[in-house]
Amino acid sequence: MIWEDLENNLIHINVNAITIAQIMEKVGRNFIKEGYCKKSFVEALITREIEFPTALDIDGIGVAIPHTDISHVNKAKISIATLKQPITFTHMGTDDEAVDVSLIFMLAINEPNAHIDKIQQIISIIQDKQVLENLLNAKNKQAIIDIIREKEQSL
């Protein structure tokens, strides 16, 4: 379950960033500070996002699920960030389809192919537009955890 992996120190509300690089730096740097990832993590996230975009448009709400190679990760964790204003990402599986992203699920994965399972778990949560709206409107970190826990327990 995603909610069991969430920690308050990896949840960010109303992050002020205007580029992909800025959001990767702000959220990714926290993984490094907490010891979950290596110093190379942020640059690897940015590079991978350019090569393999991770944004999805869920009923008009943009969600990105950035992650990178396990060689940059010490311990698996998930971070969630809501954005103060949307940032333009590229839609997953395309080279040029823009998605205005307001919600980030950043993954630190330390086992080969583990990202596939985590992404599937995230997609099962974010397919519910009401859950997305609740996450975007959450006023505190515990509310984000509670919203995800409630959704996962209903699946």
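How far apart are the mean positions of the 15 positive and 22 negative charges of the chain? They are 9 Å apart, where Lys and Arg count as positive, Asp and Glu as negative, and His and the chain ends are not counted. Each charge is placed at NZ of Lys, CZ of Arg, CG of Asp or CD of Glu.

Some background. This is a predicted model, in which local features need pLDDT of at least 70 and side-chain atom pairs count only at pLDDT 80 or more, while totals for chains, interfaces and linings use all residues. Residues are numbered from 1 along each chain as its sequence is written, and side-chain values use heavy atoms, with hydrogens and water left out.

Now the fold. The chain has six helices and five strands, in the order α-β-α-α-β-β-β-β-α-α-α; these are DSSP runs, helices being H or I of at least four residues and strands E of at least two, numbered from the N terminus.

Next, burial. Of the 155 residues, 48% count as buried, meaning under 20% relative accessible area with a 1.4 Å probe, protein chains only. Among contacts with a separation of 6 or more, 69% join residues 24 or more positions apart, a contact being heavy atoms within 4.5 Å.

Thr94 sits in the loop between strand E4 (77-90) and strand E5 (98-108). Is Thr94 buried or exposed? Thr94 counts as buried, because its relative accessibility is 19%. A polar atom of the Thr94 side chain lies 2.9 Å from the backbone oxygen of His91.

Methods. Buried means under 20% relative accessible area, exposed over 50%, partly exposed in between (1.4 Å probe, protein chains only). A polar contact is a pair of N or O atoms within 3.5 Å; within protein, one must be able to donate a hydrogen and the other to accept it, and residues adjacent in sequence count only if both atoms are side-chain atoms.
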